[in-house]
Every structure is written in structure tokens, then in C-alpha cells.
Amino acid sequence: MAKACKGPVYSILVPTYCERLNIGLLTYLLFKYLQDVPFEMIVIDDASPDGTQDAVRQLQKLYGEDRILLKPRPSKLGLGTAYVHGLKHASGDFIIIMDADLSHHPKYLPLFIRKQMETGADIVTGTRYVKGGGVHGWDLRRKLTSRGANVLAQTLLWPHVSDLTGSFRLYRKAVLEDLVNACVSKGYVFQMELIVRAHRKGYQIMEIPISFVDRVYGSSKLGGSEIFQYLKGLFWLLLTT
């Protein structure tokens, strides 16, 4: 989008797969909470069979193709490569990454932006594990799995970030480009590798407490294979960073 307004422009990357029931509400909330913020929303859809892309095209008619960009891919190719793909089309000074399933509420984005402006941070990341943060809608097993994954990562990697597996973040565009070029992970481990490498490179990271709410529509894409890949990636990062 053209930088007609003074101040930075934000590119919001939203990977999707079967999010037809969520993408409309997410878009409405983004425009509601970022009324005075110049931003573009980039949807990276991995060939959803549920009509997600058709829903996005309808949203483009309502909000404009310069504000909502649809950048589809031919198949499910991994979360990490989705961000790489979206980054190629981003025109903003800052990149925001978030989930499409409404687990990351857009109401926090003004806080992210304000924190970055006040501190000059390179990265602002949402965290569930400090005062004011939390998780809603998960059963005990999933809460323990997430908490255990973070404790294990904290113990082994010392990333100086309380929520290593979170995926609700704001980056300086140049910083994210640098980190992406250094990362080799493609799936859910990608988020963890980004933050670990950011800390090792000396980038300034700030945190904002958020409440993570489990998806209302659709099913979680986290399964046994993702947990195995997480553990594999964790020990790989321990040996290589």
C-alpha cells in the first residue's frame, strides 16, 4: 500500500488453511482496532478447500485490494515458509504476524505498536506467561503441554523471553528479514527459532501480556507430529545456537 500517511506502515501477515468462518471477523476487528493506523493485511492461504480464498476476495471488494492482499500457495507448505512468502509482498516498515483463528485478538495490536514506539524495540511479542496474560478454552492436557514446552525451552536455550512458542508478534521489517535468512526451520519450530536467534543477535525484544483464546470455529492443527518436530527442533537449536 502507498505510504500516504505520516508515520510507519504495518504489514499484517495472516497464514490460513480452512479459516473461512474466521477470516471475516478477524478482518472486521483489525479495521476496528487499527482505525488510525496505516496497515495492509496479507493473507497467505495454502489452497484451503473450504472457500477461504473466496471469502477473502469478498472482503477485498469491501475494504479494497490495496488493504487486503491475497497471496495464495498451491498446497500446505509449512508455517515458516508462509511468513517468508508473505514477507516478499509486504510494503510496511513493520511486520505483524498473527493467527487467523481469533486466538490472537486484534485489540492488543495498539499496545504492541505503542510499546515499540516507546522503547524502540526491534521485536514486540505477546506472552501468555506473565501477569496479565493467560490461556482460555484449553483443557488441562494442552495447557500442560504448552507450559512444559516453554519451561523446557527456557531451561535449555535461555532466550530471555517468557513465551517462546507464541506466534503473535511485531517485528521491524529489516529485523525479520535478517532472522528469516538465518532460520532453517519450516514448521511450528520456526517461531521458536526466530526468537532464539533474535536474542543471540542482540535484538531488543519487549513483551506484552495477552490472553490467548482457543479457536471457536475449526479444529486445531497441532498434533503429535508437530510436537515431535518441536522437540527435535529444540534440541537442534541447543546444538547450533
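Visitor: In which helix is the place of E193?
Guide: This is a predicted model, in which local features need pLDDT of at least 70, side-chain atom pairs count only at pLDDT 80 or more, and totals for chains, interfaces and linings use all residues. Residues are numbered from 1 along each chain as its sequence is written, and side-chain values use heavy atoms, with hydrogens and water left out. Helices (H or I, at least four residues) and strands (E, at least two) are DSSP runs numbered from the N terminus, and on that numbering E193 is placed in helix α7.

Visitor: Is E193 buried or exposed, and what is its relative accessible area?
Guide: Buried means under 20% relative accessible area, exposed over 50%, and partly exposed in between, with a 1.4 Å probe and protein chains only. E193 therefore counts as buried, its relative accessible area being 0%.

Visitor: How far from the side chain of E193 does the backbone nitrogen of V184 lie?
Guide: A polar contact is a pair of N or O atoms within 3.5 Å; within protein, one must be able to donate a hydrogen and the other to accept it, and residues adjacent in sequence count only if both atoms are side-chain atoms. Between a polar atom of the E193 side chain and the backbone nitrogen of V184, the distance is 3.1 Å.

Visitor: Which residues does C183 touch, not counting those up to four places away in sequence?
Guide: C183 is found in the loop between α6 (173–182) and α7 (189–200), and it is buried because its relative accessible area is 9%. The C-alpha atoms of C183 and E193 are separated by 6.6 Å, although the two residues are 10 apart along the chain. With contact meaning heavy atoms within 4.5 Å, and with residues up to four places away in sequence left aside, C183 touches F190, E193, L194 and R197.

Visitor: Which residues of β5 are buried on one side and which on the other?
Guide: In a regular strand the side chains alternate between the two faces of the sheet. Strand β5 (residues 123–127) has five of its five residues buried. Both of its faces are covered, with I123, T125 and T127 on one side and, on the other, V124 and G126.

Visitor: Which residue of β8 is the bridge partner of T127?
Guide: Two strands pair if DSSP finds at least two bridges between them. β5 is joined to β7 (residues 169–172) by three bridges in the antiparallel sense, whereas with β8 (residues 205–209) it pairs in the parallel sense over five bridges. In β8, the bridge partner of T127 is P209.
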